[in-house]
Amino acid sequence: MRIKNIKDHRKQQVGLAAVILLPVALLGAIFGTASYLYVEIPSFGMDESKMPDISSFQLVDYGELASMAAFYDQRFEGHHIPLNYTVSASFTSTNYTNVSTYGFSDNGALWSGTAIAGYVGKYLAARRESNATMELDALRVIRKLVHGMSMMLAVPNGGLGPGYGAILARMWAAPEHASIPGMPLFNDSIQGARAPYAYYNGSGVYSNWRYSDFTSLDEYGGYYWGLAITYKYVDDPWVRGTLSLMIDQLCSGMLQTNFLGIGGFGGPTGVDQKMRFLNAATWSLLLLKMGALAYPDKYARLYYHFAVERGYAFFANEGGTQEIVANYYAYNFGIDVVFGLLLLEEDPTLRAQYLANFNNGMWSFVRTHRNAHFNVIHLIVEGLGPGGDVYYERDVEDQLARFKLTHYPDVNAPVTPPTPDYRLVDFTVWQNFFERHPLGNFMAPFFFEFELDNGDKEDKGFYDRPLAVDMCKTRLYIWGGNPFTIPGNSTNLLVELPGLSFITPYWLMRGFGLINATGVRSP
Amino acid sequence: MNGHDHHVEYLVAGIGTAVIPALLLAAGITIPGFGFTFELHKVDFSYNLSMFLYVALIFAGVAIMACYFRSVRIQPASRELWQSAGRLPGQHRVVSVPWSRLVAGGLLVAVGVLSFALLGIGFTDRNKIGIWLYLGGPSVSFPAGLIPLITGAVLVAYALAAVKVVVVHEKCGLLTIRELRPLSEIRTSIPTRDIRLARATNADTGPRLLWIAFFGFQVFLLLVDGLSLLGNPHAFGTGYLVGGMYVLSACVQIVSVVLLLFGGNQSLTIITTEKVYTLYYHALPRLGRAPSAGVPSMLEKMLGTAFPSAFRGDKRELQHPADLKRLILGIGLLTVPVVSRAFYVYAGELLWFPFLVFGGIVLVQWIKSDYASGGARVVRGGIAGAGPEHVLSARGRFYEEYLVNAGMGGLPRQQARVDPAPVLRPRLLLPPDHLVTLGVALLVGLDIFMTVLLAPAGNPFSPGAIALHVAIGTVLLLVTFVTSFDPKDSIDFKVAHWTFQVPAAHAGGGPRGWSSRMAGAMRKRPGIAALVVIEMAVAFCLGMAGAFALFFG
């Protein structure tokens, strides 16, 4: 029995409001604190005062950069796409001629998309510079990569086109590739391989082939970007025809699964490319935009529906400040899809919205990182020509030139030690908060991916400003790694990475006219 | 304990209970060892539960403080009393078992357990059944089963704790209501001479409407993902299992919401010159009898001796007017997300989820208040305007409302009023009505201006899209206005701060057209129409401002 005094009616209403507001206020305080910490803890990574002065950037020799690009191109095509998708390679000696084993990474789709974007840049540069030989060189590699990437769809699903499903492989191999040194797909005993849980047989005519499954959003990001930039700029009939089939297959398949990624076991893999929590709408928009360009009758209205009628254009945001200290690589594949969408969208209203999202979101998080990948994308999507944003042009040039110091060739060599002005970030106060304060401990699981190390453990800790590229350990793509973290000491001169860290930003800069083929940067 | 007193000890105890944990929280002090360790993605965590305890204590303190405003009497009840209570002559006994909560809770627990049993538990990227949210994320059993499992368990526990025997008897001018639970008794005595209005109904929904919001969001997501997995022409392997489990979970949650909203909730409200007493109970349904059939007889037994004249005299039969506007609005709001999603037209998630909730609310209100089957009627007894009288509003097979007006003496005239005859007036708007009116207007404003601002000039789809959004938005606004400002004949009972509106029209008086009723109500009460318009206009402008903020922000 509930009893209320009529005289106290107003008081009771106030009391009821207080009882309702109390949990709201508590939850608000908790979420408010968490939101604040998501920005505050990584704020060191957005400190503009730590950006180097432009005068500290070297005045690069463009001819030297071009010769470095030629070297990396030759290494990439010769040793890093044995099955037409990107891998690393180990050599028998430091003359780097005989491969002992290939490093089939589980990011074949991501790095092949990143590679093809670079070669589209080279293709554009060749067109711009009327260099037919260079155009053929670029087109040859593009065709190889398109083949390798198309098989990532064909092998799991049994073929290419909308009549097949849209499972995307991380990598694939035919039975005759089983003997390739380092090939893990047919051999469960290879150290570090994801077998047996992640490798599956293909479908249909590819049922004897193998592919690596549990494909992550990283992979889709690089893959979509590669498809988008290649479809937009490369007019080779075979390339466009193949890409059209791939795009149709992905659009059709993703619409059928409500944008859920499906694994080789038939169930969802956790990949979800729908807009979620008014965020991350870029994925479905990019996919449908590609579809709208390749098959306007099938997908143009759908793209319009998602972008305009559903309002996805407002929510095409990727990334967050927290990725500075947690999963930095997510910036890399997130910006890929943002870039792809900005490249393809030509309507001024929608493009302006996407660009505003980029500048207010992703770019605001990474603009201080000295990351050539992000900086090149900034220059391109802003439509800036030479001299449009000299600081970032010279930052990219300076970083590319620094490859000569420790990454030329792109092997796992010792790196330049940081200068004394680099200081380690002290997270002690946050460590104590999450470990000892009741509110902090309550929220700790939401921050479990934050790497709050003070440098007291080996290879763990953050510098207060980004390392220049010669101070970072190499990797399949340096720009996907965190430039604030301690690089570590391990080296192996026999392991050569594919050189994409130089190839992609360099050729994109040159392809979009932001860097010269010859001459020297003037101050 | 005298029910008229406030008890300061509740305030003291409540403040003590709430302030101590609040101080500990502010000081950042945890209780050592009060927690557990676990591993998430190969990272060890020591998780201390002090925060949960502190928050629980703060809430408990507030609840204790709230007892300052409540008059309660609690004493242990013996087993014998529990079994024999209410069986003496002159006593009325109701066994109250929240069966709808028990059944709904049981179903939810079952589907939760089934989800975890079939789909697995845990966070791993090696899950070969299905992963949710991100690679390496939780098993798909979490969206399918976690919320149903927890909610179902809480519902079952709450329902078991709420089982009680209600005994009502009237003696020597004192109406006594005893609520016997296995371990306690709450006894409330009400002087019958103070009673001004008694109301019994099984049509009140109240805060239970929140179940629609609680379940609506995930039900829609589960259905869309589940049907997509099942309907995918390339589906194979565990796709069928995951899709099937999603759909099953969604269906069970829908059934549970229906049970929670429509199943056996009854309330008795007694308003005296000083207090309002509300008793909630769940009479067990009896086979072959409408669930609501016990309400009038119970009230008559309770008050028949106190107000015999209310149940005598001529019985005047009125019509329960049929009204389809909320049905139309409810179906319209529910149709928008379903059709939008199925055919990729009109709006998206921003409208889908609120419209599902609003549509559900409106539909529930229609079924409980406006629906009129062949047996719908309003019966008025007693001498109108001259003493105690009663009104029974039976809205068909399941729902009815029963009011006994015991006279309005003791209250200022402006605080006590019963219409002697049905009066044409707008619908009495309750908080859920305002929520729907404001929400629809806001979202329509947001949607129309989002579309207009984003629609690329020169794009062949833009004119059609703008026309579609403006047209559907306008229709929704009109239907919402008409539903809110809904002139119809009704008998209003107004006592102090409470108004109860019983839709009723003169039998055989001939139906008046809606337009003439609307015009009449507009003439008589232009202020109310203006208030509804202003309310909707303000919400629409806020939605428009939201669209501009998104565009220029």
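Trainee: How many residues sit between β16(B) and β17(B) in their hairpin?
Mentor: Two residues lie between them. Ala496(B) is in that turn, with a positive phi of about 50°. Keep in mind that this is a predicted model.

Trainee: How many bridges pair β16(B) with β17(B), and in which sense?
Mentor: Six bridges, in the antiparallel sense. Strand β17 of chain B covers residues 498-503. Within that pairing, Ser490(B) stands opposite Pro503(B).

Trainee: Is β16(B) mostly covered or mostly open?
Mentor: Mostly covered. Seven of its eight residues, 488-495, are buried.

Trainee: Over to chain A. Which residues lie on each side of β2(A)?
Mentor: Ser88(A) and Ser90(A) are on one side, Ala89(A) and Phe91(A) on the other. All four are buried, so both faces of the strand are covered.

Trainee: What does β2(A) pair with?
Mentor: Four bridges join β2(A) to β3(A), residues 99-103. Two bridges join β2(A) to β10(A), residues 492-496. Both pairings are antiparallel. Phe91(A) has Val99(A) as its bridge partner in β3(A). Ala89(A) stands opposite Glu496(A) in β10(A).

Trainee: New topic: rings. How many aromatic pairs are there over all chains?
Mentor: A search of the whole structure finds 67. Take Phe447(A) and Phe450(A): their ring centres are 5.1 Å apart and their planes meet at 80°, so the pair is edge-to-face.

Trainee: Why does 80° make it edge-to-face?
Mentor: Because planes over 60 degrees apart count as edge-to-face.

Trainee: Are those two buried or exposed?
Mentor: Phe447(A) and Phe450(A) are both buried.

Trainee: Which rings join up into a cluster?
Mentor: Ring pairs link Phe71(A), Tyr72(A), Phe403(A), Tyr408(A), Trp479(A), Phe502(A), Tyr506(A) and Trp507(A).

Trainee: Which charges sit over rings?
Mentor: Here are two. Arg240(A) has its charged end over the ring of Tyr231(A), 4.2 Å from the centre. Lys298(A) has its charged end over the ring of Tyr295(A), 5.7 Å from the centre.

Trainee: And how many disulfides does the structure hold?
Mentor: Zero, over all chains. As for cysteines, Cys251(A) is buried at 0% relative accessible area, while Cys172(B) is exposed at 75%.

Trainee: Last one. How many residues are in the largest nonpolar core?
Mentor: It has 249. Those with the most contacts inside it are Leu65(A), Tyr223(A), Tyr224(A), Tyr354(A) and Phe358(A). Helix α4 of chain A, residues 132-157, gives the largest share, 13 residues.

Trainee: What does Phe358(A) touch?
Mentor: Leaving out residues up to four places away in sequence, its contacts include Ile335(A), Leu342(A), Trp363(A) and His378(A).

Technical notes. Residues numbered from 1 in each chain as written. Chains lettered and ligands numbered in written order. Predicted model: local features only at pLDDT ≥ 70, side-chain atom pairs only at ≥ 80, totals over all residues. Heavy atoms only, no water. Phe/Tyr/Trp six-rings, centres within 6.5 Å; stacked < 30°, edge-to-face > 60°. Buried < 20%, exposed > 50% of the residue type's maximum accessible area, 1.4 Å probe, protein only. Lys NZ or Arg CZ within 6 Å of the ring centre and 35° of its normal. Pairing = 2+ DSSP bridges. Disulfide = S-S within 2.5 Å. Core = buried A, V, L, I, M, F, W, Y, C linked by side-chain atoms within 4.5 Å. Contact = heavy atoms within 4.5 Å.
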